[in-house]
Amino acid sequence: MTAEGTATASPAEKDGAAGRQLTALLTCAMAFSMLQLFLLGALGPRLVTELGVSPAVLGLTTTIGFGTAAVLSPAGGRIVDRIGPRRSLVVLLLVSAAALALIGAAPGAGLLLGAVALGGVPQALANPATNKAVLRAVPPARRGAVTGLKQSGVQLGAFAAGLPLALLAGGIGWRGAVWTGAGAALVAGLWALRVLPADPAAPPAGPRTALVPRGMVAWLAVFSLFLGAGIASVNTYLALFGAQRLDMGPTAAAALVAVLGVAGIAGRVGWSKAARPGRAEWLPGWLACGALGAAALLAAALVAGPLVWVGAIAVGVFAVSGNAVSMVLVMQRAAPGRAGQDSALVAAGFFGGFAVGPPLFGLLAQSGRYGPGWLLVAAEFAVAAAVAFLWAVRDRREGPA
C-alpha cells in the first residue's frame, strides 16, 4: 500500500496487463486486416440489390483483394523483418481504415474494386507483423495460446461483419456500416501507435533471401492455397446462398457469417493450444477432413435448410482453424530472423487461394448452381487434406525440413 492507502500493481501484474493489452491489439489487427472480405460477403445481398453488382463481380472483389495480398506478401514479410512490428501494425490499421472508407464511398464497381485492391496491403502485413510481435514479446510457453487468440481476430471480424455491422446496415444503410468499420480501424491504429513499444534499430542488410518457399514452408503454402480457396468461397457466398436459395432475409443471411465467425474463434483458440510439437504436424490434415464434411453439409442444406447453420459452424471449427495451426507450425520451426518471411510465404499461398476460389464458385453461383459450388469447395478441402497428410508422413520419415 502507498502512503495514501492505494494499492500498487506488482511487476507480475503489470506484465500480465501488458500481455493482455498486446494480445487484444494483435487480435484487433487481424480482425481489421480482413474485415473488408467479411463485410462484402455479409452485405452481399444488399450490394447486389442496392449497388447493382452481380454475383460474379462480388467474387471478383475477393480475387482482386487477395490477389494483391498474395503478390505483396513475400515483400511484406521482408518489410516487417526490416522495419519492425510496431510500424508495420500501425500502417496495417491505417491502410485498413482508408480502404474501408473508400469501399463505403464507392458509387459503382470501379472504385469498389480499387478500394478492395488497397485492402490487400494490410492483409499482406497481418501475419508477418503479428507473428513477429508474438515472437518478440511473448514467452515461448504462451506463444501457442496467444497465436490462437490473435488468429481468432480474423473470425472476430467475421462476427462483427455478420451481426453488429449487418444490423447497423439495416438501420443506417450499408455505407454507414462500412464507414463505422473504417472509424474503428482508425482508432485501433492510434491505439497501436500509443501502446506498442518502439521497434529496435533495423538490422544491417544481409544477403537477400529466396522468395520461393522450401521445405515445410512450401508444403504449408500449397496446403493453404487449397484451404484458402474453399474458405474464401464460403465467406463470399454463404450469405448470398442463404438469401437466394434458402429464402432468408438479408439480416438472417448475414447472421450465417456471424455464426461462422464465432465458431472460428473457438476453433482457432482451441486447436492452436492443442498444436504441440508431435501433434501439430498432423492437425492440418485432420482439420481439412473436417472442413470437407462441412462443405458436404452446406450442399445438403439445399434439401434440409437448417443444415446450413451446422455447416457454417463446422467451417468455423475446422476450415478456418487450419490457417491458425499452420502459423503455429511456422513459429515453432522458423529459423532466427525468418519468422516474418516464412509467415508471409505461407500467407501468400493462403491469399492465392482466396483470389482463385470465389471466381470459380461465382461462375456456378451466377446461374444458381450452388450444389455443384459446394462440391467444388469440398474437392478443394480434400486436396488440402491430401497435401497436409503427405507432408506429415514425409516429415515423420525424414525429420523437420
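In this predicted model, helix α14 (residues 307–333) and α13 have axes that come within 8 Å and cross at roughly 160°. An angle over 145 degrees counts as roughly antiparallel, and α13 and α14 are therefore roughly antiparallel to each other. The crossing of α13 past α14 is left-handed. Sorted by class, the contact between α13 and α14 comprises 19 nonpolar and four polar residues, with no charged residues.

Helix α4 (residues 55–83) and helix α11 (residues 215–245) have axes that come within 9 Å and cross at roughly 155°. The helices α4 and α11 are therefore roughly antiparallel to each other, and their crossing is right-handed. On the α4 side, the residues that take part are Pro 55, Ala 56, Leu 58, Gly 59 and Thr 62; they meet Ala 232, Thr 236, Tyr 237, Leu 240 and Gln 244 of α11. By class, six of the residues in the contact of α4 with α11 are nonpolar and four are polar, while no charged residues occur. In general, an α-helix has 3.6 residues a turn, so residues three or four places apart point the same way.

| Helix pair | Axes come within | Crossing angle | Handedness |
|---|---|---|---|
| α13 and α14 | 8 Å | roughly 160° | left-handed |
| α4 and α11 | 9 Å | roughly 155° | right-handed |

The next topic is the aromatic side chains. A pair of aromatic rings is described by the distance of the centres and the angle of the planes. How many aromatic pairs does a search of the whole structure find? The search finds eleven. One of them joins Trp 282 and Phe 389: the ring centres are 6.5 Å apart and the planes lie at 40°, so this pair is tilted. Trp 282 belongs to the loop between α12 (250–274) and α13 (283–300), whereas Phe 389 belongs to helix α16 (residues 370–398), so the pair ties together parts that are 107 residues apart in sequence. Trp 282 is partly exposed, with a relative accessible area of 23%. Phe 389 likewise counts as partly exposed, at 21% relative accessibility.

Phe 389 also pairs with Trp 286; here the centres are 5.1 Å apart and the planes stand at 80°, so the pair is edge-to-face. Because Trp 286 lies in helix α13 and Phe 389 in helix α16, this pair ties together parts that are 103 residues apart in sequence. Trp 286 is exposed, with a relative accessible area of 55%. Elsewhere, one aromatic cluster is formed by Tyr 237, Phe 241, Phe 361, Tyr 370 and Trp 374. Tyr 237 is also among the α11 residues that meet α4.

Two further sites concern burial. With neighbours within four places in sequence left aside, Ala 177 is in contact with Leu 165, Leu 168, Ala 169 and Ile 172. Leu 165 is twelve residues from Ala 177 in sequence, and their C-alpha atoms are 5.5 Å apart in space.

In helix α3 (residues 44–51), the buried residues are Gly 44, Pro 45, Arg 46, Leu 47 and Leu 51. After α3 comes Gly 52, which has a positive phi near 75°.

Key: Residues numbered from 1 in each chain as written. Predicted model: local features only at pLDDT ≥ 70, side-chain atom pairs only at ≥ 80, totals over all residues. Heavy atoms only, no water. Axes fitted to C-alpha atoms, helices over the stretch in contact; angles between N-to-C directions. Helix = DSSP H or I, 4+ residues; strand = E, 2+ residues; numbered from the N terminus. Parallel < 35°, antiparallel > 145°, perpendicular 65-115°, else oblique. Left-handed = near helix turned anticlockwise from the far one by under 90°. Contact = heavy atoms within 4.5 Å. Nonpolar A, V, L, I, M, F, W, Y, C, P; charged D, E, K, R; others polar. Phe/Tyr/Trp six-rings, centres within 6.5 Å; stacked < 30°, edge-to-face > 60°. Buried < 20%, exposed > 50% of the residue type's maximum accessible area, 1.4 Å probe, protein only.
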